[in-house]
Amino acid sequence: MTRAAGSRELRHVVAVAHANIALIKYWGKYSDARGEHQAPATPSIALALAELTTTTSLTRIGGGADVIRLDGSTARGRERGRITDYLQLWRDHGLIEGRFRVESASNFDRSAGMASSASGFAALATALSAFVPGGLSTQRLSRLARLGSGSAARSITGALSALPAGRDPAARLLVPAEKVPWGMVVCQVDAPRKKTGSRDGMRHTKGTSPYYAAWLAQCKRDYNSLLAVLRLTPGSGSAGQPRARVNLSQAGPLIEANCLTMHACMQAARPALLYWQPATLALMQATAQWREQRHCVYFTIDAGAHVFLVCERAALPLIARLARRVPSVVRVIPSLPGGPARIIDAQ
Ligand code: DP6
């Protein structure tokens, strides 16, 4: 029997969330007189990807400990700690009670470092929200997802979403999935497991990169510029409104420049955070060549070696074919925009 979210008899819930890739990047934690917060120092804009999903089921259990299984194996160490701490945070906020069995699986390689914490924490937060009597607003849910992983806040709203900088921001939907005129080609490259995750990488960049202050200022300008290209203002969204075709040849140079500015800032940290592999650079150069051949395509790269190519929806198959020809590209996934995180079963 399917029960309503928030019902006290609810025992088992399944939620799905899409990974998202930032076009304007979050890199750095917000801090004030009270210290550093699990909140962004830079505002970001991201696209959720229909093809990259995490599915998480939550089942109430007895006993004194949560059970965490990731991609079919029992989670251990740091990975387990991050999720049990997150469940405890919901208990400490008085939102849920008791212990849970968490089973989470992604349809993409989590160890490859492709935005899995975004879809992972968004799916987990969405499943948890079903157990909260009275439910939670999307804004509150996005804030709670952010406490698991900053980028997860944007997977709650999905599609093209923005996350402002500040002490306690929530993501907001800018353009719903069906109205986003772009898609993304995910290019997974041959790379060893990365040594520094985003959380440690941000701390290290903030502490040692001489370009950190310049990055914060430039990212804010890039965010406002992309909103202007999208014909949106910092406080507004276009959900529900019919919209003109957004010009990728105006947005694309901003997307690439913002990514390169973030990487320049990371690379100037001491010691350097250098996430690229030879195939990363090969794809960056190929993208410029494809543009010379009149293909409208732009790259972005997160804290990893993989490359994400932004193009018009109709160009996805062609750009995917071109990307497959680049040596050391191990997997290519063309994807349309994905929607918000959602509950798919509740019993
Ligand atoms: C480079 O959201 O993984 O992908 O908040 O510490 O969990 P935490 O960091 P995370 O950082 C994402 C960094 C990024 C850029 C982005 O997604 O905006």
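**Figure 1. Arg294 in its loop.** Arg294 sits in the loop between α8 and β11 (297-300). Helices (H or I, at least four residues) and strands (E, at least two) are DSSP runs, numbered from the N terminus. This is a predicted model, in which local features need pLDDT of at least 70 and side-chain atom pairs count only at pLDDT 80 or more, while totals for chains, interfaces and linings use all residues. Residues are numbered from 1 along each chain as its sequence is written, and side-chain values use heavy atoms, with hydrogens and water left out. Phi of Arg294 is near 75 degrees, a positive value in a residue other than glycine. Most residues other than glycine have a negative phi, and most peptide bonds are trans. Arg294 counts as exposed, at 76% relative accessibility. Here buried means under 20% relative accessible area, exposed means over 50%, and partly exposed is in between (1.4 Å probe, protein chains only).

**Figure 2. Ala159, another residue with positive phi.** Ala159 is not a glycine, yet its phi is positive, about 45 degrees. The residue is found in the loop between α4 (152-157) and β8. Is Ala159 buried or exposed? Ala159 is buried, with a relative accessible area of 2%.

Figure 3. The peptide bond from Arg270 to Pro271 is cis. Its omega is near -5 degrees. Pro271 belongs to the loop between α7 and α8 (278-292).

Figure 4. The domain assignment of the protein chain gives domain 1 (12-175 + 339-346) and domain 2 (182-335). Such bounds come from an automatic or database domain assignment. The domain centres, taken over C-alpha atoms, are separated by 22 Å. How many residues of domain 1 are in contact with domain 2? On the domain 1 side there are 40 residues, and they are in contact with 53 residues of domain 2. Contact means heavy atoms within 4.5 Å.

**Figure 5. The largest nonpolar core.** A nonpolar core is a set of buried Ala, Val, Leu, Ile, Met, Phe, Trp, Tyr and Cys residues joined through side-chain atoms within 4.5 Å. The largest one has 47 residues. Trp27, Ile45, Leu160, Leu174, Trp182 and Leu226 touch the most other members. Several elements each supply at least two residues of this core, including β1 (12-24), β4 (44-61), α6 (212-229) and α7 (248-267). Why does this core lie between domain 1 and domain 2? Both domains give residues to it, so the core lies between them. Elsewhere, apart from this core, lies another core of 33 residues, among them Tyr86, Ile96, Ala122 and Leu124.

**Figure 6. Leu160 and its contacts.** Neighbours within four places in sequence are left aside here. Leu160 is then in contact with Leu23, Ile45, Ala46, Leu47, Leu173, Leu174, Val175, Val180 and Leu230.

Figure 7. Helix α7 has 20 residues, and at 1.5 Å a residue it should span 28 Å. The expected span is 1.5 Å times one less than the number of residues. The end C-alpha atoms of α7 are 28 Å apart, which agrees. Buried residues of α7 include Leu248, Ala251, Leu254, Ile255, Asn258 and Met262. Glu256 also lies in this helix. Glu256 is buried, with a relative accessible area of 10%. Not counting residues up to four places away in sequence, Glu256 touches Thr287, Arg291, Val297, Tyr298 and Phe299.

**Figure 8. Thr205 in helix α5.** Thr205 is found in α5 (residues 198-208). Thr205 counts as buried, at 0% relative accessibility. A polar atom of its side chain lies 2.6 Å from the backbone oxygen of Gly201. Polar contacts are pairs of N or O atoms within 3.5 Å; within protein, one must be able to donate a hydrogen and the other to accept it, and residues adjacent in sequence count only if both atoms are side-chain atoms. Thr205 also touches Trp27, Tyr212, Cys265, Met266, Ala269 and Leu273, not counting residues up to four places away in sequence.

**Figure 9. Around the ligand.** The ligand is surrounded by 17 residues. A residue is near a molecule if one of its heavy atoms lies within 4 Å of it. The closest are Tyr26, Lys29, Ser149, Gly150 and Ser151. An N or O atom in the side chain of Ser151 is 2.7 Å from a ligand oxygen atom. A polar side-chain atom of Arg199 lies 2.8 Å from an oxygen atom of the ligand. For Ser117, the distance from a side-chain N or O atom to a ligand oxygen is 3.4 Å.
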